[in-house]
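Please keep the model open while reading.

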Amino acid sequence: MHTGPWVHVVPEQGALPVDLLLPVTGRTYVVRLDGREMRDTDAVFQQFYDGLRLPDYFGWNWDALSDCLLDLKWLAADHYVLIVEAAGEALSGDAAGRRLLFRTLLRAGQRWSYTQRPEGIDLSRLVSVMSCDAASVPDLQEQLRLCWEETVSS
């Protein structure tokens with residue numbers, strides 16, 4: 001599955017090499033979001049609002065979340081890591097909402113991405129790490145792959 005170097009799916013208690021997430025230089029802002037708390041779209045927006053300290057003008061809709069993820073100027077950082085714990089539970093009863101969430105993260109990561117480091121490893125200034133139980137990893141990867149295909153074809 002290729003969704004770019006800006007989205008990773010890992011099993012709970014799993015790990016990614018730090019060099020896939022953190023640059024050699026600069027300040028990194030890391031936020032943990034809880035998929036268990038993302039039962040509906042308002043709860044998703046609340047998680048992002050609290051975790052990223054979104055500005056008061058945040059519009060509480062998908063376009064507003066996308067706009068804020070593309071900006072992030074109110075956070076004093078050069079790089080951003082979004083860790084969504086229990087990602088398989090986020091919007092579990094809302095397939096359309098889940099696709100919007102994933103597409104929003106994929107687009108934002110793509111817009112923040114840059115090409116290559118000398119070692120040949122692609123990095124992004126905005127990386128999302130989706131953590132879920134090990135049995136859910138393949139399904140979540142497939143959902144993200146399909147959302148990526150929708151994103152690049154639209």
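This is a predicted model. Much of the interest of α3 lies in its buried residues, among them Leu 101, Phe 102, Leu 105, Leu 106 and Trp 112.

The largest nonpolar core has 41 residues, and within it Phe 48, Leu 52, Leu 101 and Met 130 touch the most other members. At least two residues of this core come from each of β1, β2, α1, α2, β3, α3, β6 (126–132) and α4. The largest share, six residues, is supplied by α3. Apart from this core lies another, of five residues, including Val 81, Ile 83, Val 127 and Val 129.

Leaving out residues up to four places away in sequence, Leu 52 touches Tyr 29, Val 31, Leu 69, Leu 72, Trp 74, Leu 75 and Leu 82.

Next comes the sheet. Four strands form an open sheet in the order β1-β6-β3-β2, with parallel pairing. β1 and β2 are the edge strands, each pairing on one side only. From one strand to the next the twist averages 20 degrees. Inside the sheet, β3 and β6 pair in the parallel sense over five bridges, and Tyr 80 stands opposite Leu 126 in β6.

Two helices can now be placed against these strands. α3 packs on the sheet and touches β1, β3 and β6, its direction making about 145 degrees with that of β6. α4 also packs on the sheet, where it touches β1 and β6, and its direction makes about 165 degrees with that of β1.

The charged side chains remain. The structure holds seven salt bridges. One of them joins Asp 78 to Arg 27, with the closest N and O atoms 3.7 Å apart. Asp 78 lies in the loop between α2 (62–71) and β3 (79–85), and Arg 27 in the loop between β1 (7–11) and β2 (28–34), so this pair ties together parts that are 51 residues apart in sequence. Asp 78 is partly exposed at 26% relative accessibility, and Arg 27 is partly exposed at 49%.

Another salt bridge is formed by Glu 89 and Arg 39, whose closest N and O atoms are 3.3 Å apart. This pair too links distant parts of the chain: Glu 89 is in the loop between β3 and α3 (95–112), while Arg 39 is in the loop between β2 and α1 (41–51), 50 residues apart. Glu 89 has a relative accessible area of 31% and is partly exposed; Arg 39, at 48%, is also partly exposed.

Within α4 there is a local example. Arg 145 and Glu 142 form a salt bridge, with their closest N and O atoms 2.5 Å apart. Why can these two side chains meet? They are three residues apart in helix α4 (residues 137–153), and therefore separated by about one helical turn. An α-helix has 3.6 residues a turn, so residues three or four places apart point the same way. Arg 145 is partly exposed at 24% relative accessibility, as is Glu 142 at 34%. A network of salt bridges links Glu 142, Arg 145 and Glu 149.

Note on methods:
Residues are numbered from 1 along each chain as its sequence is written. This is a predicted model: local features need pLDDT of at least 70, side-chain atom pairs count only at pLDDT 80 or more; totals for chains, interfaces and linings use all residues. Side-chain values use heavy atoms; hydrogens and water are left out. A salt bridge is a side-chain nitrogen of Lys or Arg within 4 Å of a carboxyl oxygen of Asp or Glu. Buried means under 20% relative accessible area, exposed over 50%, partly exposed in between (1.4 Å probe, protein chains only). A nonpolar core is a set of buried Ala, Val, Leu, Ile, Met, Phe, Trp, Tyr and Cys residues joined through side-chain atoms within 4.5 Å. Contact means heavy atoms within 4.5 Å. Two strands pair if DSSP finds at least two bridges between them. Axes are lines fitted to C-alpha atoms, for helices over the stretch in contact, and angles run from 0 to 180 degrees between N-to-C directions.
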